[in-house]
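Subject: Handover of a structure and findings

Dear colleague,

Please find below the structure that I am passing on to you. My notes on what was found in it follow directly after.

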Amino acid sequence: MAKKGKIKVSKVKRNNQTTNRMKKQGMMKLQRHRAKLQKQNQPPPKPEIEYSSESEESADEWGDMLDDEEKTYIMKRLAKNPRFLADVPEKEDENKSNRKRRKIDKEKVPKKRPQVGSDSGAESESASESDFEEKYEQEMAERPAKRMRALLPIKTKQGLMERTEEYADTESEREDDPEPQKEVQTKEEESQGSDSDSGMEGTGEEDTGTPEGGVVSTVELMAARRDRLNHEKLRIGALCSSLLEEPEKKLKNLYPILYLMEERLKDETLNLHSVRKIATLSAYEVFKDILPEYQIRHQDYSNIKLKKDTLSLYKYEKELLEFYKRYLQRLEKACTVLRPKKGDTRKPDPAAVSLALVSLRCLCGLLVARPQFNYATNIAQTTVPFLDCGNADAADIATECAQTVFQEDTKGEITLTIVRLINQLVKRRGERLKPTALRCLLSLKIRDVDLDAEADVKHKKKMEEKHKKRIVNLSKKEKKRAKKLKEVERELLETEAQESEVSRRKQLTEVTKTVFHIYFRLLKTAPRSKLLCAALDGLAKFTHVINLEYYSDLVAILARLTQDELIGSRERLLCVRCVLAILAGSGDAINVDPGRFHTALYAAMLTVHAGKTHDDAKIVLESVAQICARARRVSADELAAFAKRLATLALQLQHNGALACLTLLHQLAQQSKAVESLFEPDPESGAGHFDPTLESPAHCYARTAVLTELCALHHHYHPAVRQAVTKSDSKLSAVHIFEQYDGSQMAFKPSIPPPKPTNKAKVPPTHVWAQHDFKQLCEDVENKVNLSEVDFALPKKKR
């Protein structure tokens, strides 16, 4: 048998059934009850005021009871407001009384009962009422008038209709308007006067903060400052410690800490610079601990329902970013003292400068600690201009920060950002830029970047792709499949948290291009400025990264600079070092004659000595080391000339320079037999006579020279130099030896040992005659005198 289906019921019938059931249960009120409820809830209508003849007749009776002053007052009020007495009821309900009036009656002092037959009670009541009315009128007069603001008109059938709107005063308008401040001052003066009249003045024991006459001594000011500083220290310490215990719950502790960083407090008093420094450093340490190392990316989750934990984490990260933003804004505002605007010749306050240095140090510390976090780019935009700051301390802080970021950055994003900002700074400042601003670029880790190899790889890939397209025509399904595989591989790299080497190399390539863009611009636009040294230092360090197609143009520019007479000796040495570094790296790829650069170096070596030019000795050593690296391509005469010049240079340098020169000399002796023959010269070998005054090292007959300077170095004051004259077993390079044995920091290496104690017996001093004739004369006189006849009796002592 077939099953019987359920009977279908319409929606109307279903609704009727539910309403009937709810009515029976009393859960639903009928429509007829609604009218009764509305009538019950309506407030009682106010009785209309009717002016009868009785009130007119009774007016005469009331007029007789009023004084002349009261009559004039009522008439004035009626002239202003005709309905002044309309709301006054004929019979006042005695049971109803105002709560405020009750409080006033309780606070009133009980007065003495007036004697019978006197009018003192009535007079006091009338006086109090008149005082109350006068006070009310005064308050109404002092109340500020409503301010109306004009709005846009509306076009109607009758025409344009003007509109106005009431608005409240903003804070800026209140500050600009001096009238309300005067009113507040008058009110305060009145209140002070009333307090003094009422006998509410403070006693001498209570008002100990300000002495009589308002004079505060220096000792009291220092004590108050010390107490406040200790109080704020304890407060900030407690807030920071509780915040670090539970950052998710106590994040609002940053409100008072950021408030203490402000210049002025809420009462418009100046905040102490010491308190601002403590708050700045405390917030820096807190943010350094609680900030995550990843970047927070928030989306709009207003229309999405989240879990409780996810929502709490979302709110915490949002609040953290807001507090961090406010903190960075305050730091940036404090740092503006170090970079005044153009035309501002005012001398900054030393306390403000000290606070600005602390703020800049905090900004740089946050950039170093969290280079991948939010607002890292904004911090870099704030700190990079301080590389060219007039304050030496601020410039050193910014330079050290950039160097640390370049060395510790693994992704390369923040490094690229800072390098681009430096490029913009060079464009904007031009020749006015200080050379120290480019010193941080030498710390870049771009030694493993090869632009030529990357260009070859790109070219090969393009050729292979073209070849594949010609041979294999992929179908649409295969293309989609390859696309999906690439997306999956990218997601796998992200889940494994591995740095993509390809993306990192791309960042480094962009960094390298930007750096060389800076250096080449300086070579073209400012060849005679102070920035030339910084550009040449960078080019000498990163020559291995330059494309081969730029080598010939770069060498031509540097050769022209070496012949320029307006360039100093240091700049000329840097040009030579840069060219020799290029030739040592990829010299086979260029057809350049290095003879003119060897001549320039050989002539400039004699200008370096232990005085002002001692720092240039490092450049000379690096240049000669580049020649040693390609000794097989250099003639024997030139190598012998440089060896002889190194021995001469060792005599006029300090001990660290002498050690480095001897190290290079032994290295050249191992690489060339012509240099080795200088240690043991053969008078029959070679022809000619060595001429040290010639500028050309190839034509000075250096192979006939003798290293006589080594005899003088045998008696050098430094033991390491005396030992290095005969042999040099050091595995360090000449530049490292020059830096390690540097005595500019007042440290002698190796340290001088203390003198050894001697256990020899003391020898009595012996008399030595300086003149033999004088000795003979003394002996003759002694022989002639008869010592036995001389009385050597001593005088007796007196008792």
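D616 counts as buried, at 9% relative accessibility; buried means under 20% relative accessible area, exposed over 50%, and partly exposed in between, with a 1.4 Å probe and protein chains only. This residue lies in helix 24 (residues 616–629). Helices (H or I, at least four residues) and strands (E, at least two) are DSSP runs, numbered from the N terminus. Leaving aside neighbours within four places in sequence, D616 is in contact with R570, L573 and V608, where contact means heavy atoms within 4.5 Å.

Please note that this is a predicted model, in which local features need pLDDT of at least 70 and side-chain atom pairs count only at pLDDT 80 or more, while totals for chains, interfaces and linings use all residues. Residues are numbered from 1 along each chain as its sequence is written, and side-chain values use heavy atoms, with hydrogens and water left out.

The chain as a whole

The secondary structure of the chain comes to 31 helices and 2 strands. Of the 799 residues in the chain, 30% are buried. Among contacts with a separation of 6 or more, 69% are between residues 24 or more positions apart. The accessible surface of the chain is about 59,400 Å², and 52% of that area belongs to carbon and sulfur atoms. Accessible areas come from the Shrake-Rupley method with a 1.4 Å probe, and for residues only the protein chains shown count as cover.

Helix 12 and its surroundings

Helix 12 (residues 308–335) has 28 residues. From its first C-alpha to its last it reaches 41 Å, close to the 40 Å expected at 1.5 Å a residue; the expected span is 1.5 Å times one less than the number of residues. The buried residues of helix 12 include Y314, Y316, E317, F323 and C335. Among the elements that cover the buried residues of this helix are helix 10 (254–259), helix 11 (273–290), helix 13 (350–369) and helix 14 (376–383).

Helix 11 also contains S282, which counts as buried at 18% relative accessibility. Not counting residues up to four places away in sequence, S282 touches I236 and C240. C240 is itself buried, with a relative accessible area of 10%.

Cysteines

How many disulfides does a search of the whole structure find? The search finds 0, a disulfide being a pair of cysteine sulfur atoms within 2.5 Å. C362 is in no disulfide, and the nearest cysteine sulfur, that of C335, is 8.7 Å away. C362 is buried, with a relative accessible area of 2%.

Salt bridges

Side chains of opposite charge can pair when their charged atoms come close. A search of the whole structure finds 14 salt bridges, each being a side-chain nitrogen of Lys or Arg within 4 Å of a carboxyl oxygen of Asp or Glu. Three of them are described here.

E262 forms a salt bridge with R330, with the closest N and O atoms 2.9 Å apart. E262 lies in the loop between helix 10 and helix 11 and R330 lies in helix 12, so this pair ties together parts that are 68 residues apart in sequence. E262 is partly exposed, with a relative accessible area of 26%, and R330 is partly exposed at 24% relative accessibility.

D396 forms a salt bridge with R439, with the closest N and O atoms 3.9 Å apart. Because D396 lies in helix 15 (residues 392–408) and R439 in the loop between helix 16 (413–429) and helix 17 (451–471), the pair ties together parts that are 43 residues apart in sequence. D396 counts as partly exposed at 41% relative accessibility, and R439 is partly exposed with a relative accessible area of 37%.

R528 forms a salt bridge with D564, with the closest N and O atoms 3.1 Å apart. R528 is exposed, with a relative accessible area of 56%, whereas D564 counts as buried at 16% relative accessibility.

A nonpolar surface patch

W769, F774, L777, V781 and V785 form a nonpolar patch on the surface, with about 470 Å² of accessible area together. Patches are made of residues with over 30% relative accessible area and no salt bridge; like charges are joined within 9 Å, and nonpolar side chains (Val, Leu, Ile, Met, Phe, Trp, Tyr) within 5 Å. F774 lies in helix 31 (residues 772–784) and counts as partly exposed, at 45% relative accessibility.

With kind regards
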